[in-house]
Amino acid sequence: MSEFNRFSELFPQDFFSRKGVERLCREAEIAPSKALGQNFLYQRSTLDSMVRDLEVPDKSKVIEIGCGFGHLTVSILDYGYSVVAFETDGRLLRWLSGCVGDRLEIHCCDILTYDLSPCFEGSWEVSIVGNLPYSSASSMLFYLLKWYERVQQWGFLLQREVGERIKAKPGHREYGRLSVILQYLFEIQVLRRIGPGCFFPRPKVESVWMRLLPRHRADVDMNLVWNWMEPLVRTAFMHRRKKLRSNLSEAPIGACRLTKEQSEDFLKMLDLDVNCRAQDVSPDQYASFAGLISSICLKTP
């Protein structure tokens, strides 16, 4: 870690400790916000392990969502990567701002309002990482999918409940829109579980560090995903207890509206039970269903 000493010298000696984070909060005059997901992971050994887990290629660029005081940021910089960091609360950036230079760029803004396209210019291999707040994790993940085809890998620290939703299989009560879309697009791995004692303030739940590797399969058509599959899945899960054919006939799917009879026909074509519910259909089956809908609707004058 040739860069470690150079970057650590810019930070207080207690930076990677609970007392250090408590002091930083006092100096920034903030009470960590549960709504903003401000539970700061400060344990240096865990942070370094997280960076190693991702096996990011040398000379890569890392986009970090929600950098906080910069604990994960410093670990990433330490391994020689360039970082584009985003944080909504400018009060947290006092110490990290001292590292801005050739390998660190900071944006104090909401990632949901920022166009990431310039981050992909040049020959960089790009990874996206972040500690995503529970309240907005889903919206952030769907927003970042705009750059799906340009990202090498994704690494997210999430509350265990969100991780369980992402990994849930068809038929499970947690299986839903997030599960379907992400499992269709990514190979998903839980790299490690991180207990509450590594954070300040101490959360009430366990967290998981997850890696999402884009499949980049030949049959992954992002236009189909955005224009047909995502609206289909959103409509399908509107009322989980209802039969899928009923949900699909009650609301438009993109630019198309299906009759109950059309829904039944499509289900039969996919060898699905006409009485199935949204949670009974796999990601690949939803993709095939979306293809059938688009082929019919695009032919309609």
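A helix axis is a line fitted to C-alpha atoms over the stretch in contact, and the angle between two axes runs from 0 to 180 degrees between their N-to-C directions. This report applies that idea to a predicted model.

**Helix pairs**

Helix α7 takes part in both pairs described below.

| Pair | Axes come within | Crossing angle |
|---|---|---|
| α5 (residues 137-144) and α7 (residues 177-185) | 12 Å | roughly 30° |
| α6 (residues 160-167) and α7 | 7 Å | roughly 65° |

The axes of α5 and α7 cross at roughly 30°. Because angles under 35 degrees count as roughly parallel, α5 is roughly parallel to α7. Their crossing is left-handed. On the α5 side, the contact is made by Ser138, Leu141 and Phe142, and on the α7 side by Arg177, Leu178, Ile181 and Leu182. These residues comprise 5 nonpolar, 1 polar and 1 charged.

In the other pair, Val162, Arg165, Ile166 and Lys167 of α6 meet Leu178, Ser179, Leu182 and Gln183 of α7. Here the contact residues divide into 4 nonpolar, 2 polar and 2 charged.

In soluble globular proteins, nonpolar side chains tend to be buried together. The largest nonpolar core of this model contains 70 residues, and those with the most contacts inside it include Leu116, Leu185, Met229 and Phe289. The element that gives the most to this core is helix α8 (residues 222-236), with 8 residues. Apart from this core lies another, of 38 residues, among them Phe11, Leu41, Leu47 and Val74.

Which residues does Met229 touch, not counting those up to four places away in sequence? They are Val180, Ile181, Tyr184, Leu224, Pro283, Tyr286, Ala287 and Ala290.

Conventions
Residues are numbered from 1 along each chain as its sequence is written. This is a predicted model: local features need pLDDT of at least 70, side-chain atom pairs count only at pLDDT 80 or more; totals for chains, interfaces and linings use all residues. Side-chain values use heavy atoms; hydrogens and water are left out. A nonpolar core is a set of buried Ala, Val, Leu, Ile, Met, Phe, Trp, Tyr and Cys residues joined through side-chain atoms within 4.5 Å. Buried means under 20% relative accessible area, exposed over 50%, partly exposed in between (1.4 Å probe, protein chains only). Helices (H or I, at least four residues) and strands (E, at least two) are DSSP runs, numbered from the N terminus. Contact means heavy atoms within 4.5 Å. Angles under 35 degrees count as roughly parallel, over 145 as roughly antiparallel, 65 to 115 as roughly perpendicular and the rest as oblique. A crossing is left-handed if the near helix is turned anticlockwise from the far one by less than a right angle, and right-handed if clockwise. Ala, Val, Leu, Ile, Met, Phe, Trp, Tyr, Cys and Pro count as nonpolar, Asp, Glu, Lys and Arg as charged, and the others, Gly among them, as polar.
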